[in-house]
Amino acid sequence: MTAQNSRNYTKLAEVPKMSKLLRGVVKDTLPVLGTKRHATGDPQAAFEVANFTVDREHLAAYTRATGLRYSSELPITYPFVLSFPLFLQVMLAPDFPCRAAGMVHLTNEIEQTRPLRIDDELTLRVHAENLRPHRKGLLVDFISEISVDGELVWRQTSAFLGMGAKFSAQTPNEVRTRGEDSGSLLERLDVADETATVNWKVDRDIIDDYAEASGDKNPLHVSKIGAKAFGFPAPIAHGMWTAAKMVVGLEGELPGALRYTVEFQKPVILPARIAYYTFRGEGAPATWNTQVTKGSDPKKVHAVGKFEALS
């Protein structure tokens with residue numbers, strides 16, 4: 001795992017406040033006031049925050065909302081929440097090709113060489129790259145990196161889809177000719193005849209707690225009116241809440257050096273009962289395949305995950 005050293009990162013004194021960023025997201029949707037977005041190439045905006053330390057109360061709120069253990073080691077999914085404000089900062093930059101309000105999180109891959117610790121002093125970096133076509137719009141990867149004392153410890157690639165977005169006349173040919181990407185990383189598991197490892201109930205209260213802890217108060221997740229604006233009958237759970245629950249089911253088994261890949265499929269519409277399946281792979285290095293489905297219908301898949309030990 002190597003750091004991205006070729007970019008010029010704008011150094012920020014602190015992580016931007018989510019409340020300010022979300023106001024910017026709303027403003028960007030308004031006629032005249034919003035930025036006109038054109039897919040002219042890979043976004044160039046990149047941001048860095050150094051000397052960052054974890055707020056223990058914030059970590060506790062996150063673990064309560066997800067069911068993950070609170071300890072001196074950070075859950076592998078928690079740094080997503082720490083870096084997410086920088087995602088929005090990149091999305092709000094003038095050269096970003098799509099409006100943030102319409103972005104859909106399709107896949108997420110995290111690698112860590114060891115668990116980050118609650119007393120580590122972190123350097124956070126985020127940029128976006130690899131703009132490419134998808135049958136429903138344009139895909140772009142957000143790259144998040146967290147270093148400790150100059151050592152890259154945690155790296156994440158998050159693929160987001162800009163629904164309906166298209167290349168513009170100014171898009172360079174080397175970008176325009178990139179092949180269409182399905183946005184899929186993992187195969188579904190056949191769990192029709194399997195017994196779920198565990199079942200969970202999820203409701204508005206749980207997701208409201210996660211929205212508060214993560215700062216992601218997108219109306220799609222916290223408002224029935226907002227959800228209906230996106231074509232859903234009720235709010236839906238955050239994809240990364242589901243990703244965190246998939247870690248919950250394996251806590252105590254997973255090694256510290258780990259790759260975690262998750263693909264989000266059908267959203268979890270609230271309230272819901274979801275079923276979690278996990279299967280240990282054979283051989284070495286160790287692997288675990290996981291899946292989250294609708295509790296009453298295992299054919300309706302919400303997310304597929306894979307954990308791989310890094311030797």
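Let's start where two helices meet: α2 and α3 cross in a right-handed way, where right-handed means that the near helix is turned clockwise from the far one by less than a right angle, and left-handed means anticlockwise. Before going on, note that this is a predicted model, in which local features need pLDDT of at least 70, side-chain atom pairs count only at pLDDT 80 or more, and totals for chains, interfaces and linings use all residues. Residues are numbered from 1 along each chain as its sequence is written, and side-chain values use heavy atoms, with hydrogens and water left out. The helices (H or I, at least four residues) and strands (E, at least two) are DSSP runs, numbered from the N terminus.

Back to that crossing. The axes of α2 and α3 come within 10 Å of each other, at an angle of roughly 120°. An axis here is a line fitted to C-alpha atoms, for helices over the stretch in contact, and angles run from 0 to 180 degrees between N-to-C directions. That angle makes α2 oblique to α3. As for the wording, under 35 degrees counts as roughly parallel, over 145 as roughly antiparallel, 65 to 115 as roughly perpendicular, and the rest as oblique. Which residues do the meeting between α2 and α3? On the α2 side they are His-58, Leu-59 and Tyr-62, and on the α3 side Tyr-78, Val-81 and Leu-82. Contact, by the way, means heavy atoms within 4.5 Å.

Helix α2 (residues 56-66) also has a meeting with helix α5 (residues 204-214): their axes come within 9 Å and cross at roughly 155°. That makes α2 roughly antiparallel to α5. This crossing is left-handed. Here His-58, Ala-61, Tyr-62, Ala-65 and Thr-66 of α2 meet Ile-206, Asp-209, Tyr-210 and Ala-213 of α5. If you look back, His-58 and Tyr-62 also turn up among the α2 residues that meet α3.

Now for the strands. Picture an open sheet of 11 strands with mixed pairing, in the order β1-β2-β4-β5-β6-β3-β8-β11-β10-β9-β7. Two strands pair if DSSP finds at least two bridges between them. At the edges sit β1 (10-12) and β7 (198-202), each of which pairs on one side only. From one strand to the next, the twist averages 20°. Helix α8 (residues 239-248) packs on this sheet, touching β3, β6, β7, β8, β9 (272-280), β10 and β11, and its direction makes about 135° with that of β8.

Let's zoom in on some of the pairs. Strand β3 (residues 103-112) runs antiparallel to strand β6 (residues 151-163), with 9 bridges, and Met-103 has Gly-162 as its bridge partner in β6. Strand β11 (residues 297-309) is joined to strand β8 (residues 258-264) by 7 bridges, again antiparallel; there, Leu-258 stands opposite Ala-309. Strand β10 (residues 287-294) pairs with β11 too, over 8 antiparallel bridges. How many residues lie between β10 and β11 in their hairpin? There are 2.

What about the inside? The largest nonpolar core has 79 residues, and Phe-96, Leu-122 and Phe-142 touch the most other members. Such a core is a set of buried Ala, Val, Leu, Ile, Met, Phe, Trp, Tyr and Cys residues joined through side-chain atoms within 4.5 Å. Buried means under 20% relative accessible area, exposed over 50%, and partly exposed in between (1.4 Å probe, protein chains only). Helix α3 (residues 78-91) supplies the largest share of this core, 10 residues. Leaving aside neighbours within four places in sequence, Phe-142 is in contact with a list of residues including Phe-87, Val-90, Met-91, Phe-96 and Phe-160.

Most residues other than glycine have a negative phi, and most peptide bonds are trans. Asn-130, in strand β4 (residues 122-134), has a positive phi of about 60° although it is not a glycine. With 28% relative accessibility, Asn-130 counts as partly exposed. Asp-149, in the loop between β5 (137-148) and β6, also has a positive phi, of about 50°. Its 78% relative accessibility makes Asp-149 exposed. The peptide bond from Leu-270 to Pro-271 is cis, with omega near -10°, and Pro-271 belongs to the loop between β8 and β9. Another cis bond links Ala-284 to Pro-285, with omega near -5°; Pro-285 is in the loop between β9 and β10.
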